[in-house]
Each structure stands twice: as C-alpha cells, then as structure tokens.
Amino acid sequence: MRVVTLLGLPFAVALASAVPFKGCQKKVKESIHGPPHGWYKHAPAPKHHMLELKIALPQPKFPELEQHLWEVSDPSHPRYGAHLSKQETEALMTPHPETLDVVSEWLASHGLVEEDLIRSSAKDWVTIRVPVGLAEEMLDTTYHVYKHAETGEGIVRTTSYSLPDILHEHVDLIQPTTMFARFKAFKSTLHWTDQVQPAVLSTSGGTITGPAGNEVDASCVDTVTISCLKQLYNAVDYNTSATNCNKLGITGYLEEYANKMDLQQFYELQNPSAYGSNYTFVSVSDGKNNQSYAAAGIEANLDTQFGFGLTWPTPGTFYSTGGKPPFDPDFITPTDTNEPYSHWLDYVLSHDPIPQTISTSYGDDEQTVPYTYATRVCRGMAVLGARGVSLVFSSGDNGVGDGDDNPATQMCYSNDGRNVTKFLPVFPASCPFVTSVGGTVNIPEAAVFFSGGGFSNYFTRPAYQEAAVSAYLATLPPDTYEGLYNSTGRAYPDVATQAANFLVVYRGDTVRAAGTSCAAPTFAAFVSMLNDARITAGKTALGFLNPFLYSSGYKALNDIIQGNNPGCGTQGFNATVGWDPVTGYGTPNFEKLKDLVLDMC
C-alpha cells in the first residue's frame with residue numbers, strides 16, 4: 001500500500017477522474033458527547049501524523065449468514081455441524097457492487113487510488129494510511145491528542161466526523177475516529193513467589209473433594225496448576241491427539257509477547273511431557289515476537305502456558321497482532337493503531353484452515369467502543385462461528401463495572417452526556433456470538449469477586465438464553481438496580497472456571513496471577529479437548545458453543561451458587577442456582593460434557 005503524503009495530494013487529486021463529491025453536502029456520520037470518563041483533550045493532532053483508517057462497508061447478506069449460523073450451531077437442527085466454507089462466508093459478507101464503486105470514487109477524489117488501498121478478502125473493509133491533515137479534510141473533522149488522566153497515555157481521536165450524504169448508505173463506519181477503547185488485558189493481580197518450586201505439584205498435603213465428586217489435591221486451593229484444573233474439571237484421564245488436525249488458537253495484542261524460555265520452564269514444572277514442544281507463531285498486522293525476558297508479557301505467558309499446557313499435544317497457534325498501546329503524544333509515532341480486533345479478524349477470516357477453538361483475554365467497557373464498531377466486530381465473530389470456530393472471551397475483572405462497592409468512590413458513569421451512574425458491560429464479552437467466561441475461586445468453588453458480568457447496552461438478548469436469563473431476572477426483588485442495567489440485553493458470562501492463584505512462569509520466576517484472563521484460556525482448553533474427542537470420532541468441531549450450552553450443555557456444568565460481583569457502588573449480582581450474571585451456568589465437568597458432545601451429530 002502506498003503511503004499518501006500531503007505534498008503529493010494536489011497533483012493526485014487533479015488526476016482523479018471521478019469528482020461527483022465536489023460540493024456535496026456533508027452530514028454527521030458518527031458523534032459522541034465527549035471523550036469517555038478519564039480522557040481529556042490535550043492538544044491538536046500534528047497534521048503529518050499518520051493514521052491507518054479502516055472503512056467498513058455494508059454487508060447486505062449478513063442476515064442470511066446469521067441464519068446459517070443459528071442452524072449449524074443448534075444441536076437439534078438437521079444442519080447441525082454443517083459449517084460454511086471460507087468461500088461461502090465471503091460471498092455472504094461482500095458489499096453490493098455499487099457500494100464498492102461509490103466508495104472507490106470518493107477515495108479517488110481525495111487522491112487515493114487502488115494501489116493505496118488494502119481490501120479484506122471479502123472486500124467489506126478498506127484500509128488506507130493517510131496523514132491527519134488529509135483525514136480531517138475527508139471526514140470534515142478535527143483530530144486531537146487525548147490523554148488518559150490515570151495513565152498519561154495518549155491517542156489521536158475526534159468526537160465527530162462527517163461524510164458526503166451520498167456515502168452514508170455505503171459506509172458503516174470509519175475508525176479510528178470516535179473510539180476510545182483501550183482493550184486492556186484482563187488480569188487483576190500479580191503475586192511473586194519466592195522461587196520456582198516443583199513441590200507445588202506435591203499431593204502430600206492431602207486431598208479434598210472436587211465438584212465432580214473426585215479427589216483433588218488440597219494444594220489446589222492456594223495454587224492452581226495444570227494438574228489442579230484437570231482434577232477439578234474431571235479430565236485427568238483424557239489424552240489429546242497431535243495428528244487429528246484439531247488446533248487451539250491464542251490471541252495476543254498490544255505488544256504482549258509469549259516467551260518461549262518461560263514456556264519451557266513452565267512445561268518442565270507443570271507438564272514435563274510437553275517439554276521441548278512449541279507452538280506456531282503467526283504475525284498479524286506486523287505483530288512482533290520479541291523473545292527477550294524484558295519483553296515477556298504476563299498476559300501472553302499466562303494464556304499460552306495454560307492454554308497449550310492443558311491441551312498438549314494438540315498443536316497450538318499464537319497470534320501476535322500489531323498495534324501499540326495508546327501512544328505517547330510527546331514522542332509522535334509513525335502510526336496510531338489501537339483497534340486490534342478488526343485487524344485480527346481481517347487476517348483470520350482470510351485464511352483457511354483456522355484453529356477450531358480460539359481464546360482471547362482482552363476487552364474494555366462497552367460504551368468506549370462505538371456501537372457501529374462493536375456491531376461490525378461482533379458480526380466478524382459470527383462469521384467465525386459459521387465456519388466452525390468456538391470463540392472464548394474473558395468476561396472482565398471489574399464485576400458489574402468498576403469493582404468498587406462504595407457509592408461515594410465508584411466511577412461508573414455513562415458516556416451519553418448525562419454522566420449518570422450505570423453498570424458498565426464489557427465488550428467483546430457482550431457480543432452474542434462469543435462464549436464469555438467468568439471466574440471462580442476456592443474449592444468448593446464460589447464466584448470470585450472481580451468476575452465480570454451483566455447485560456449489554458448494545459446487543460439484545462439472543463433467543464438461546466432467553467429462558468435462562470428470564471428465570472434469573474424473575475428471582476430478583478422488584479426494582480433491583482432499576483435504571484442501572486439493561487434487563488433486555490445480551491447477558492453474560494455464559495460459563496466460568498477458576499480465575500485466581502494461577503502459577504505462571506514470568507521472566508524466569510514464578511508468579512501467581514488472577515483475573516478472568518486465567519479463566520478464558522482454561523475454558524478454551526477444555527473446549528479444544530471436546531473438539532479433539534469429536535474429531536477423533538469422525539464428527540465436526542463444535543463451532544459456536546452457546547446454543548449447545550444453553551439447550552443441554554449446562555447439564556454438564558458445575559453450578560456455582562456462592563459469591564457476587566460488586567461494582568458501581570453496589571454489591572453487584574449474586575451467584576445462584578442456574579444461570580447467573582456472575583458465573584453463567586458454571587464450570588465444566590469434562591467427562592460429562594464429552595459424553596454429551598459425542599452423542600450429538
């Protein structure tokens with residue numbers, strides 16, 4: 001892709017053959033009332049600062065694709081498991097030819113020709129690299145550097161942008177513009193141990209009864225290892241295959257690097273049989289693979305060590321997606337990218353085959369993500385589900401919002417101009433096409449206090465969870481948290497696993513980590529093992545999990561009935577019998593789940 005500069009624009013524009021946009025009236029395409037809480041306007045953005053703009057074009061056949069998804073994901077439907085191919089999904093994602101022509105003409109009128117464009121494989125996204133000055137001209141806006149009051153981080157954004165009236169029906173969104181999401185990793189705490197101690201795997205401390213009625217090492221109450229998770233979730237005797245084409249994918253963002261030396265040390269400590277094995281590294285959007293100890297990321301290490309450690313010898317893939325955390329405005333960088341999901345989706349949707357199970361431990365408050373962007377990214381998740389991929393996401397680490405139960409100090413404020421207290425759902429966990437994983441702690445298991453959960457303000461409740469969620473809501477006293485949450489929204493999480501005291505190797509030492517970042521790769525690993533069992537039996541992968549989980553899969557989950565998830569000046573929701581917005585339907589019993597999925601077509 002050619003980098004367009006301000007100096008070359010006059011001549012390029014003069015050569016543009018199509019100029020139907022000259023003099024066209026522009027109207028606002030998207031706007032927000034102001035930056036989200038914590039961000040403030042710092043300075044005008046430098047005119048030559050480079051932006052990578054992603055333009056989403058409408059997908060007129062998406063309703064048809066969504067119908068395919070429901071059918072192939074419903075165990076009671078005759079088409080269950082008949083996942084679509086890459087070519088079939090792309091045909092249902094492609095914009096109308098008129099849209100492609102009109103948008104190309106608009107770009108040409110600003111000096112951007114075909115060689116300046118990067119198109120997604122379905123042609124539903126167009127990416128361009130332009131200086132701020134040109135972006136401001138194209139979008140009739142003014143960019144500023146916004147800084148985060150707590151962290152000092154800075155990003156180049158605007159609070160409104162406009163397009164020629166004729167373009168509105170041909171463009172869904174353009175970002176980065178109004179999006180302030182930080183897409184942080186979900187890890188709550190980090191505790192250093194004294195040294196690497198193989199003794200943590202010892203059963204000399206006795207045993208206790210686990211949720212499946214089996215014996216579990218008593219040490220698992222204080223330190224969670226691979227062995228503990230297999231004991232807790234009834235998978236001690238299951239061995240995966242290395243040769244049946246089943247794969248597990250782990251995503252990494254924001255310069256989180258998985259360190260291979262740490263991985264080998266982890267294997268030596270917790271899964272000696274896996275020592276010497278490795279995963280496949282995939283760079284997305286110039287994602288790096290820095291293997292120095294100093295660059296090791298606790299999030300990436302946690303995800304790969306437990307995800308791949310639990311499923312070995314199933315082949316693993318680690319996706320490192322480029323894009324720095326919000327940049328430092330005092331040191332202007334060549335590009336400013338902090339919207340990783342669309343980059344990753346572009347890449348993975350253009351490839352075949354894809355790992356059957358993919359885990360992600362990143363997200364942010366739903367309201368910091370523009371509705372249009374959240375909707376498009378969520379649709380991309382639906383496409384992966386239609387292709388037979390199980391997508392697993394952390395539910396977040398702040399309970400119903402900010403993790404603070406004190407009304408005087410809570411920070412849950414709406415970003416709609418009213419600045420009122422509201423619960424803050426998390427995206428992408430709130431997307432109805434992914435499986436959201438909350439957290440538990442202790443044995444017997446209880447909800448861990450930081451387990452993210454609640455109700456989306458963007459996505460309506462899908463039919464697959466209507467009965468379960470309505471039953472939960474009926475148990476609440478009248479007017480409970482009235483006005484704080486959207487009782488008709490997509491409810492999450494769907495399931496849960498342990499999420500505290502995970503023993504991770506980090507820069508050569510052991511640390512104990514906590515957060516739903518622990519839960520997502522753990523649940524994903526057990527899903528990958530279920531896929532392993534189905535594929536070995538000659539069946540298809542599970543694909544989008546939620547219709548199965550809510551129709552029959554819940555019968556093989558350990559119901560969590562203790563704990564709550566405080567936040568926003570409240571005690572949050574309570575875990576209770578059945579589904580709840582703290583731990584979903586509960587934690588996995590692998591052997592029971594395996595029996596269920598092997599009985600399905």
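Two strands are taken to pair where DSSP finds at least two bridges between them. On this basis, in the predicted model described here, three strands form an open sheet in the order E10-E18-E20, with antiparallel pairing. Strand E10 (184–185) and strand E20 (426–427) are the edge strands, each of them pairing on one side only, and E18, which spans residues 362–365, is joined to E20 in the antiparallel sense over 2 bridges. Within this arrangement Asp365 of the sheet stands opposite Val426 in E20.

Asp365 also belongs to the lining of the second largest pocket, where it is among the residues that lie nearest the centre, together with His37, His148, Glu150 and Arg182. The lining of this pocket comprises 20 residues, and its volume is about 570 Å³. By residue class, the lining divides into 7 nonpolar, 7 polar and 6 charged residues.

Helix H9 (340–349) and helix H10 (371–386) are the elements that give two or more residues to the lining of the largest cavity. In composition, that lining divides into 6 nonpolar, 5 polar and 4 charged residues.

Two buried residues illustrate contacts between positions separated in sequence. Asn558 is found in strand E28, which covers residues 557–558, and Asn558 counts as buried because its relative accessibility, 11%, falls under the 20% cut-off. A polar atom of the Asn558 side chain lies 3.3 Å from the backbone oxygen of Pro588. When residues up to four places away in sequence are not counted, Asn558 touches Pro211, Tyr233 and Glu445, as well as Tyr585, Gly586, Thr587, Pro588 and Asn589. Leu269, placed in helix H7 (residues 260–270), likewise counts as buried, since its relative accessibility is 5% and the limit for this class is 20%. The C-alpha atoms of Leu269 and Val505 are 9.2 Å apart in space, although the two residues are 236 residues apart in sequence.

Most residues other than glycine have a negative phi, and most peptide bonds are trans. The peptide bond from Phe427 to Pro428 is, however, cis, with omega near 10°, and Pro428 lies in the loop between E20 and strand E21 (435–441). A cis peptide bond also joins Ile443 and Pro444, for which omega is about 0°; Pro444 is found in the loop between E21 and strand E22 (446–447).

Ser285, although not a glycine, has a phi of about 55° and is found in the loop between strand E15 (280–284) and helix H8 (298–311). With a relative accessible area of 37%, Ser285 is partly exposed. Arg507, which is not a glycine either, has a positive phi of about 55°, and its place is in the loop between strand E26 (502–506) and strand E27 (509–514). The relative accessible area of Arg507 is 35%, so that this residue is partly exposed.

Key
Residues numbered from 1 in each chain as written. Predicted model: local features only at pLDDT ≥ 70, side-chain atom pairs only at ≥ 80, totals over all residues. Heavy atoms only, no water. 1 Å grid on protein atoms, 1.4 Å probe; cavity = no way out; pocket = protein on both sides within 12 Å on 5 of 7 lines; lining within 4 Å. Points joined across faces, edges and corners; volume = space filled by probe spheres on them. Nonpolar A, V, L, I, M, F, W, Y, C, P; charged D, E, K, R; others polar. Helix = DSSP H or I, 4+ residues; strand = E, 2+ residues; numbered from the N terminus. Buried < 20%, exposed > 50% of the residue type's maximum accessible area, 1.4 Å probe, protein only. Polar contact = N/O pair within 3.5 Å; in protein donor to acceptor, adjacent residues only side chain to side chain. Contact = heavy atoms within 4.5 Å.
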